[in-house]
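These are my notebook entries on one protein structure. I set down what I looked up, topic by topic.

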Amino acid sequence: MRRAVPAGLHFFARGVLIAALVVVQASARTSGELESGQAFDERQSLGPGDVKEGYESADYRTRSLSLLERRGVKMDLIRLAERPPLGLPPVPVPADNPLTRAKIELGRKLFFDRRLSINDTLSCAACHIPEQGFTNNELRTPVGVEGRAVLRNSPTLYNVAYQEHLFFDGRELSLENQVWQPITAHNEMAAPAIGYVMRKIRRMRDYDGMFEEAFDGRGPDILTIGQALASYQRTLLAADSPFDRWYFGGQPDAVGTSVKRGFALFSGKAQCIVCHRVEADHALFVDHQFHNTGLGYAESVSGSEPETTRVQLAPGVFTEISRATVDAVTQQRLPNDLGLYRVTESPGDRWKFRTQTLRNIALTAPYMHNGAFDTLREVIDFYDRGGVPNELLSPLIRPLGLTEEEKQDLEALLHALTGSNVPDLVADAFAAPIGDLSAEDPNWANENTLGY
Ligand code: HEC
Ligand code: HEC
């Protein structure tokens with residue numbers, strides 16, 4: 001791991017963040033009724049984060065305002081997939097896994113279910129966080145169970161349905177198969193085997209009948225778990241951005257002049273469009289190819305790392321933590337990231353990474369396969385410098401000579417790519433159960449109940 005921070009810091013950071021939110025919100029309203037209908041007053045003392053007092057009781061209710069205010073509103077996701085928002089092409093769906101409401105519902109439940117990890121703590125949504133663009137804004141590289149280091153940045157899952165290759169090195173080809181990597185990776189959800197996950201789900205009473213209904217009587221297994229999770233992820237379609245309304249929707253006022261100048265640069269002088277493609281009637285901002293921008297090279301050859309690493313505690317609040325502290329709690333050092341070479345073992349593919357989409361890019365910091373850049377401005381400066389020279393640098397990456405105003409225009413364009421339906425997808429995610437252990441389902445993950 002290069003820049004991940006230990007889990008303790010992660011949770012500390014979240015605690016500070018939630019405390020800050022509670023202070024801000026609680027000072028605005030000290031008593032009354034929450035929109036959820038629940039009464040509250042000062043004496044109820046809304047605490048930082050999820051106050052655990054009384055947690056063991058079956059009628060426990062959180063007193064964290066930030067959690068109470070997370071209101072979920074379920075969406076009809078299959079309709080979204082049948083008619084994707086403006087700017088997206090039809091969703092490719094494999095012939096052997098047609099989308100159905102039952103599969104999407106089941107996949108959504110699995111996606112947010114923390115019990116899929118070995119110690120019931122980490123769901124897919126722990127690293128692909130809905131309110132953070134289905135990625136993780138707080139960490140350059142996320143942490144798995146027990147704070148284990150992960151090599152790469154969490155990519156967004158918005159519009160992942162259209163990817164021809166999955167992962168930064170393209171090593172996986174279908175969403176159906178992809179899910180088993182995070183579930184069984186030792187440093188992610190750490191389930192010891194596929195059979196273990198199947199058995200665990202079969203014993204969860206709240207899944208009774210769901211697989212059978214979605215899959216013609218077939219229960220949870222290697223195929224159905226993958227097909228359900230893939231179905232949910234295919235519906236995470238976010239577009240109809242100001243750019244789409246202007247460029248595809250013919251609304252001249254949907255964006256300002258800076259965005260229009262930005263697009264002229266994007267498709268002209270700056271040549272971004274060669275890799276981040278825009279078609280006549282839709283745009284995915286990808287070319288389904290792999291390129292060497294020099295970033296991976298720079299990381300591989302920079303033998304000595306900085307003495308300290310920057311950690312974000314709350315939005316806009318940063319602190320420097322010594323590298324030694326981070327290393328002391330880091331389980332192992334991860335290998336250099338050679339990108340596509342890891343899949344092809346062809347020397348010319350060293351440090352090539354898959355082109356990332358630019359849709360919803362304002363929501364998905366930090367950027368690049370290793371989260372090297374915190375802001376879009378840093379990314380633009382990087383391209384303007386011509387990446388990092390190396391013997392395998394893509395010929396398409398070269399110094400651009402952008403002026404300050406041109407950089408601002410490009411940045412304005414990138415900010416105009418956020419889908420208008422993002423809040424609906426986030427609200428839908430908030431409506432999903434998260435696999436909390438409940439009184440009805442007492443400590444089901446216990447070895448005895450698992451039958452070992
Ligand atoms: C510990 C954090 C973590 C967890 C938990 C996690 N992911 Fe990921 N996910 C990542 C990272 C990091 C990558 C990029 C890895 C790479 O490129 O090698 C990724 C990549 C992906 C991709 C590929 C996206 C793309 O654009 O190529 C998909 C799809 C995905 N994850 C879905 C899931 C699902 C489904 C789950 C739950 C079963 C899950 N993830 C759990 C961190 C996580
Ligand atoms: C040679 C092809 C190519 C060109 C030209 C190119 N990009 Fe990229 N872009 C990529 C690749 C490949 C990645 C992923 C790199 C990585 O993860 O290390 C990427 C990543 C990005 C990201 C970060 C995406 C994320 O989710 O982390 C942004 C933002 C971006 N490019 C913007 C631009 C802009 C703006 C331009 C024009 C100035 C541009 N790109 C030109 C190939 C290209």
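I began with burial: of the 452 residues of the protein, 39% count as buried. A residue is buried if 20 or more other C-beta atoms lie within 10 Å of its own, exposed if 12 or fewer, and partly exposed in between, with C-beta atoms placed from the backbone. I note that this is a predicted model, in which local features need pLDDT of at least 70, side-chain atom pairs count only at pLDDT 80 or more, and totals for chains, interfaces and linings use all residues. Residues are numbered from 1 along each chain as its sequence is written, while chains are lettered from A and ligands numbered from 1 in the order in which they are written.

**Overall fold.** I found 18 helices and six strands in the protein. Helices (H or I, at least four residues) and strands (E, at least two) are DSSP runs, numbered from the N terminus. I then looked up contacts, where two residues qualify if their C-beta atoms, placed from the backbone, lie within 7 Å. Among contacts with a separation of 6 or more, 71% join residues 24 or more positions apart.

**Helices H4 and H9.** How do the axes of H4 (residues 101-111) and H9 (residues 222-234) cross? I read a crossing at roughly 95 degrees, the axes coming within 7 Å. Axes are lines fitted to C-alpha atoms, for helices over the stretch in contact, and angles run from 0 to 180 degrees between N-to-C directions. H4 and H9 are therefore roughly perpendicular to each other. Angles under 35 degrees count as roughly parallel, over 145 as roughly antiparallel, 65 to 115 as roughly perpendicular and the rest as oblique. Among the residues that meet are Ile-104, Leu-106 and Leu-110 in H4, and Ile-225, Ala-228 and Leu-229 in H9. By class, I recorded nine nonpolar, three polar and two charged residues in this contact of H4 with H9. Ala, Val, Leu, Ile, Met, Phe, Trp, Tyr, Cys and Pro count as nonpolar, Asp, Glu, Lys and Arg as charged, and the others, Gly among them, as polar.

**Helices H11 and H16.** I turned to H11 (residues 257-266) and H16 (residues 404-415), which pack at an angle of about 100 degrees with their axes 7 Å apart. H11 and H16 are therefore roughly perpendicular to each other. The contact of H11 with H16 holds seven nonpolar, three polar and three charged residues.

**Ligand 1.** Which of the 27 residues around ligand 1 come nearest? I listed Cys-124, Cys-127, Phe-167, Phe-168 and Pro-182. A residue is near a molecule or strand if its C-beta atom, placed from the backbone, lies within 6 Å of it. The shell around ligand 1 divides into 19 nonpolar, six polar and two charged residues.

**Ligand 2.** Of the 27 residues around ligand 2, I noted Cys-272, Cys-275, Gln-356, Tyr-367 and His-369 as those that come nearest. The largest share of this shell, four residues, comes from H15 (residues 376-385). The shell around ligand 2 has 18 nonpolar, nine polar and no charged residues.

**Backbone exceptions.** Most residues other than glycine have a negative phi, and most peptide bonds are trans. I found a cis peptide bond joining Ala-365 and Pro-366, with omega about -10 degrees. Phe-134, in the loop between H4 and H5, has a positive phi near 55 degrees. Is Phe-134 buried or exposed? Phe-134 is buried, because 29 other C-beta atoms lie within 10 Å. Asp-216 also has a positive phi near 55 degrees, but Asp-216 counts as exposed because it has 8 C-beta neighbours inside 10 Å.
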